[in-house]
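User: Hi! I'm new to reading structures, and I'd like to know where the labels come from. Could we go through one together?

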Amino acid sequence: MSNAAVTAATSSRAADAGKSALARLGEAVVGRLVIIIPYLWLVFFFLIPFVIVFKISLSQTAIAIPPYAPVLGFGDGLSGFFAQLKQLSIDNYTWLTQDALYINAYVTSVVVAAISTVLTLLVGYPIAYGMARAPAMLRPTLLMLVILPFWTSFLIRVYAWIGILKPEGLLNQLLLATGVISQPLIILNTYTAIFIGIVYSYLPFMVLPLYSALEKMDYSLIEAAKDLGCPPTSAFWKITFPLSLPGVIAGCLLVFIPAVGEFVIPDLLGGSQTLMIGKTLWNEFFANRDWPVSSAVAVILLLLLIVPIMLFQRAQARAQEQDK
Amino acid sequence: MNPTWSRFNITSIVLGFAFLYLPIVLLVVFSFNESKLVTVWGGFSTKWYVSLFHNQGLMDATWVTARVAVISATVATVLGTLAALTLTRYTRFKGRMLFSGMVFAPLVMPEVITGLSLLLLFVAVGLDRGFLTVTLAHITLTMCFVAVVVQSRLITFDRSLEEAAMDLGAPPVKTFFQITLPVIMPAIVSGWMLAFTLSLDDLVIASFTSGPGATTLPMKIYSQVRLGVTPEINAACTILIAVVTVGVIIASLANKRREVQRQRDEQAAQRG
């Protein structure tokens, strides 16, 4: 237990001494409620839904409302439960492995997300570095300017790029007018457009953790290296970059994990020619109305992401420890 | 000038901000375009704003979205603050690992998974899809963001203030409302605003969990965007951007004034 916690515990014990048992009981109940209310909420609305997704991914598609054959209810007592247990099938999963479409979608999503994450890091690092070295007076304003686009709608920011990237769009108009190109570039409805969309939308998520890691850095280390004859590039790779590594890891995870399951960007900028798993899940659900298969798609996607999510959580916990 | 701020640093910041802001600026500019072609300038006009206000479907969706956002942000702020208190104050209880996992995972969870799983829950418990289900879904998502924002303030909170109050005989609940809450209030306010804009913004989770009669603005915008870019949508987006920008600026100014006031109080206390 930390020192602060010990002091807090002793002082609250001292304060408790003068109180009636009833008041203490009341406070204990309040203290419990602080934990119990959000806990139960998240168990009910976050944890249990995953159990249901898993359950339905094992059921059969049916033409009904809701469109799946019910499984694992306790309606018919324990014997009914066991009878239903036999009906569970992994058909949906076999289906996913047999159809190359799904495997392709998973692989493409991971590759696209990984490339986008690297690109976001390459774009975001110089920005965060410049912000961290800006005069202290300017830093809050710069920080605010990075956060502000995050407050404007994600959908709108993605939509704005359609007008820029389409064949008769603003980018092509500019490039044609300045004579850089003679034929309009086809960018919209390609993977390039998806990369641009992800880098653009997720840039603040990368810059913020990088900035907070770089801002804490002690620049006299760089100066010491310079005095000792270390060239700037190797000073960067030997000192700055390793020290900013926690920010790099947090930023990359914050971009990579949601990007794998991204729907809006591949749908609006990627068109029908590009394949990503978030879009596949959406189409299974809304166009094909196949709830069991979309559940199976979700389960596999979650399994793919479970390691990065746990890494993210560990990074969060470690950052929290350091702040204390 | 700061000697460490090199030309390279300044260039990367200028280019970075140009990249961040240019698309939004262009979108706003072309909402005032006379021509129906979104990317060809045909003169200044506000006619798309006028036609926007006559678009009943869009107006209904705006009203639904605003109500969902206010209700869900408010409930999420209460739940998120409780979750933040749990995370920072109760360091050891059974299932703490699970709890922090459930708070952090939704932050990065792909929205299609969250949306699908919540929908299947609502179907399983027999809740009709509509206004209520969207609101419940948004509470669940946004309370985690509130928890993170409030938690970061609680970590740096000087607990000796609370201890002093309790040593002077204030019961914990009263101490919370009179000492802790005012200090962490700025974080709670920005948590609420974050929850509000996230709810305003959400397309994927709303599409899964909403039903007939509860079409939200992003769903409406999305269905029109799929048919092509129109100046009317640009106008709707511009209004949304303006509302959010003004809100954020007001909030940050208020925050700054409170901060200045607090510093003045502290100085006065030291002198007195």
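User: How far apart do the C-alpha centres of domain 1 of chain A and domain 2 of chain A lie?

Analyst: Those centres lie 34 Å apart. Domain 1 covers 19–87 and domain 2 covers 91–323, with bounds that come from an automatic or database domain assignment. Before we go on, this is a predicted model, where local features need pLDDT of at least 70, side-chain atom pairs count only at pLDDT 80 or more, and totals for chains, interfaces and linings use all residues. Residues are numbered from 1 along each chain as its sequence is written, while chains are lettered from A and ligands numbered from 1 in the order in which they are written.

User: Why does A:Cys230 count as partly exposed?

Analyst: Let's set the value against the rule. A residue is buried if 20 or more other C-beta atoms, placed from the backbone, lie within 10 Å of its own, exposed if 12 or fewer, and partly exposed in between. A:Cys230 has 15 C-beta neighbours inside 10 Å, so it counts as partly exposed. In chain A, 40% of the 324 residues count as buried.

User: Where is A:Cys230, and what is it in contact with?

Analyst: A:Cys230 sits in the loop between H10 and H11 of chain A. Leaving aside neighbours within four places in sequence, A:Cys230 is in contact with A:Ala225 and A:Ala235; contact means that the C-beta atoms, placed from the backbone, lie within 7 Å.

User: What describes the packing of H10(A) and H11(A)?

Analyst: Helix H10 (residues 220–227) and helix H11 (residues 232–243) of chain A pack at an angle of about 145°, with their axes 10 Å apart. The axes are lines fitted to C-alpha atoms over the stretch in contact, and angles run from 0 to 180 degrees between N-to-C directions. The helices themselves are DSSP runs (H or I, at least four residues; strands are E, at least two), numbered from the N terminus. Chain A has 15 helices and zero strands.

User: Which residues make that contact?

Analyst: H10(A) brings A:Leu221, A:Ile222, A:Ala225 and A:Lys226, and H11(A) brings A:Ala235, A:Ile239 and A:Thr240.

User: What makes five of them nonpolar?

Analyst: Ala, Val, Leu, Ile, Met, Phe, Trp, Tyr, Cys and Pro count as nonpolar, Asp, Glu, Lys and Arg as charged, and the others, Gly among them, as polar. By that rule the contact divides into five nonpolar, one polar and one charged.

User: How many residues does each chain give to the contact between chains A and B?

Analyst: Chain B gives 70 residues and chain A gives 84. On the side of chain B, helix H1 (residues 7–30) supplies the largest share, twelve residues.

Definitions and conventions: Two residues are in contact if their C-beta atoms, placed from the backbone, lie within 7 Å.
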